[in-house]
Amino acid sequence: MTTKDIIGLAIVCSLALLIVAASIVLLMGKGSWMIAGYNTSSKEEKEKTDSVALCKFMGKILLPIGALLPLIAVGGICGIAWLGWLYVVMLFGLIVFALIYANTRNRFQKK
């Protein structure tokens, strides 16, 4: 491993820890200000939304994104290109799932 590899791995792991920390905050039902769209919605819209459920859902989506982020660096260092592609496919799948799940059946509306 070269110095550039170590620096790259350190940067990617730092970003991964930051994302995992954000997901833990969201899993506790806090940090709704981090969710784009929710933090810019009107007060009336926020009152209609179950922010704790929304935060927990977003935390569950962010956790694997952050936990598996080092796959990109490890794949690059070891010369295993499919690890990076595996992460991209997983990321795309999580995004599609989150968009469909969050935008159907009014799942995060207060009852």
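Leaving aside its neighbours within four places in sequence, which residues is Ser 23 in contact with? I will come back to that in a moment, after a word on what we are looking at.

This is a predicted model, in which local features need pLDDT of at least 70 and side-chain atom pairs count only at pLDDT 80 or more, while totals for chains, interfaces and linings use all residues. Residues are numbered from 1 along each chain as its sequence is written, and side-chain values use heavy atoms, with hydrogens and water left out.

Let me start with the overall layout. The chain has 5 helices and 0 strands, where helices (H or I, at least four residues) and strands (E, at least two) are DSSP runs numbered from the N terminus, and along the sequence the pattern reads α-α-α-α-α. The C-alpha trace spans about 55 × 20 × 20 Å along its principal axes. The radius of gyration of the chain is 17 Å, whereas a compact globule of 111 residues would have one near 13 Å; that radius is taken over C-alpha atoms, and the globule rule is 2.2 Å times the number of residues to the power 0.38. Of the 111 residues in the chain, 26% are buried, and here buried means under 20% relative accessible area, exposed over 50%, and partly exposed in between, with a 1.4 Å probe and protein chains only. If we take the contacts with a separation of 6 or more, 64% of them are between residues 24 or more positions apart, a contact being heavy atoms within 4.5 Å.

Now to the opening question. Ser 23 lies in helix α1 and is buried, with a relative accessible area of 0%. Beyond its neighbours within four places in sequence, Ser 23 is in contact with Gly 59, Leu 62 and Leu 63. Leu 63 counts as partly exposed, at 34% relative accessibility. From C-alpha to C-alpha, Leu 63 and Asp 50 are 20 Å apart in space, and they are 13 residues apart in sequence.

Staying in helix α1, we find Val 25, which is partly exposed with a relative accessible area of 30%. The C-alpha atoms of Val 25 and Lys 56 are separated by 8.8 Å, with the two residues 31 apart along the chain. Val 25 touches Lys 30, Gly 31 and Met 34, once residues up to four places away in sequence are not counted.

What about the interior? The largest nonpolar core has 17 residues, of which Ile 35 and Ile 61 touch the most other members; such a core is a set of buried Ala, Val, Leu, Ile, Met, Phe, Trp, Tyr and Cys residues joined through side-chain atoms within 4.5 Å. Two or more residues of this core come from each of α1 (3–27), α3 (51–67) and α5 (81–102), and the largest share, 5 residues, is from α3. As for Ile 35, its contacts outside the four places either way in sequence are Leu 26, Leu 54, Cys 55 and Met 58.

Next, consider how α3 and α5 meet. Their axes come within 10 Å and cross at roughly 175 degrees, the axes being lines fitted to C-alpha atoms, for helices over the stretch in contact, with angles running from 0 to 180 degrees between N-to-C directions. That makes α3 roughly antiparallel to α5, a description used for angles over 145 degrees, with under 35 being roughly parallel, 65 to 115 roughly perpendicular and the rest oblique. From α3 the contact takes Phe 57, Ile 61, Pro 64 and Ile 65, and from α5 it takes Tyr 87, Met 90, Leu 91, Leu 94, Phe 97, Ala 98, Tyr 101 and Ala 102.

Thr 49 lies in the loop between α2 (43–48) and α3, and is buried at a relative accessible area of 11%. Its contacts, leaving aside neighbours within four places in sequence, are Tyr 38, Leu 54, Phe 108, Gln 109 and Lys 110. In the segment after α5 sits Arg 105, which has a positive phi of about 60 degrees although it is not a glycine, and which is exposed with a relative accessible area of 73%.
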